[in-house]
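Please open the model in your viewer and keep the selection tool at hand. The stops below are meant to be followed in order.

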Amino acid sequence: MRFIYNISIWLYFFAITVASLFNDKAKLWLKGRKGIFDKIKISLTGNDNIIWFHCSSLGEFEQGRPLLEKIKSEYPKYKILLTFFSPSGYEIRKNYEKTDYIFYLPLDTISNAKKFVELVNPQIAVFVKYEFWFNYISELHKRNIPIYSVSSIFRKNQYFFKIHGIWALQQLKKISCFFVQDEKSKELLGTLGIINVIVSGDTRFDRVYEISKNVKKFPVIEAFRQNKKILIAGSIWQKEEEFLIKLINESEFDIKYIIAPHLIKTENIDNFISKISLKAIKFSEATTENVVAPKVMLIDGIGFLSHLYQYGTLALIGGGFGKGIHNILEPATFGLPVFFGPNYTKFNEAKELLKCGGAYSITDFQNLNEKLSCLLNNEEALKRNSYICLNYVDNRKGATDIILKYIEKNIKF
């Protein structure tokens, strides 16, 4: 099985190489790894005590960020080395000031894993959520370097729990401790003999709560709001765009809209504006003087959407008609009832918020319009649902402290 795994890694590399001929993201993936070991060798001093954090992309980074920043704050003599698998994480956070070193993760081959671990020589390694690169795990395990999986979550349909996943499951047993999001994950791992598991919860709750207490202010958005209720559409894809165009053009809600497409391309935003009847403005062109009249604002920048939810009343989050919903905790922490498409079953927070009444799953435009109407025309219901969301996040923060307490007990800082 290891042979098959290593072949699959090389096949993936071949596929990325071919894709790079016409795909910008694949091109960045390759370019970022060119000469990577020389970059690492030049950057490291050789005397560093390093804690290695690895994240797949931007979402996992935000999930691991509270733990990373707390370790950096409380143990400044340690250097933090952060790696990303995806360009969508690295390119946005390559200048992140709370880490000492940031690199792309070299391809998970046997030789790369050995070379990387020799160069970095981390005191501990932290992998966030679903990141399980088995050659790296094996190399760390050989050297008795503790490996922690944080905010991980497991489901019966994952390949670890199928016949063809037996080898992968054996590799998971090399991880020193799993800090899982829920009891079900712990029980699943337990049935297969993995008992080094702690139910810590999800560090994303700590992250979004921290954002809500340290928000950046946007005078332009405050001027745009004009004391109106605002529907914020975050990380939306084509299906949600279609709903919003219809909502803006046909509904009679006396509200304003802040819309943040997942793909921020000028042609995409211009196309959206051309299809709506209300006056719209792009964030990059907005001033406190010219935003009063427009009813729609299009966000054509990145890195600040999580702070914009402070100005919202309701949130429509994208991804639920595709592979899965984007971050619904960011609006929930500001007390925004959340709407999303039907593909949410992999996300505990979605299922829990639906159950307690802070969220709504939608299947079509009429469904969205009716549910929005129920809240926008009922102030008491809106306040009640807002409180549910605030309370939901507040009651689930604290995973970071649980994880750090364990690491402190087992690692001599």
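Predicted model: local features only at pLDDT ≥ 70, side-chain atom pairs only at ≥ 80, totals over all residues.

Residues are numbered from 1 along each chain as its sequence is written, and side-chain values use heavy atoms, with hydrogens and water left out.

**Cores.** Select Phe154, Leu172 and Phe178, the residues with the most contacts inside the largest nonpolar core, which has 46 residues. Such a core is a set of buried Ala, Val, Leu, Ile, Met, Phe, Trp, Tyr and Cys residues joined through side-chain atoms within 4.5 Å; buried means under 20% relative accessible area (1.4 Å probe, protein chains only). Beyond its neighbours within four places in sequence, Phe178 is in contact with residues including Phe132, Ser149, Leu189 and Asn196 (contact: heavy atoms within 4.5 Å). A second, separate core of 40 residues includes Ile232, Ala260, Ala286 and Ala332.

**Helix α16.** Next, select residues 348-356, helix α16, where Asn348, Glu349, Ala350 and Leu353 are buried. Helices are DSSP runs (H or I, at least four residues), as are strands (E, at least two), numbered from the N terminus. Among the elements covering these buried residues are α10 (204-213) and α18 (379-394). Gly357, with a positive phi near 95 degrees, follows α16.

**Helices α3 and α6.** Finally, select residues 36-43 (α3) and 110-120 (α6), which pack at an angle of about 10 degrees with axes 10 Å apart. The pair is therefore roughly parallel (angles under 35 degrees). Phe37, Ile40 and Lys41 of α3 meet α6 residues including Phe116 and Leu119.

Terms used: Buried < 20%, exposed > 50% of the residue type's maximum accessible area, 1.4 Å probe, protein only. Axes fitted to C-alpha atoms, helices over the stretch in contact; angles between N-to-C directions. Parallel < 35°, antiparallel > 145°, perpendicular 65-115°, else oblique.
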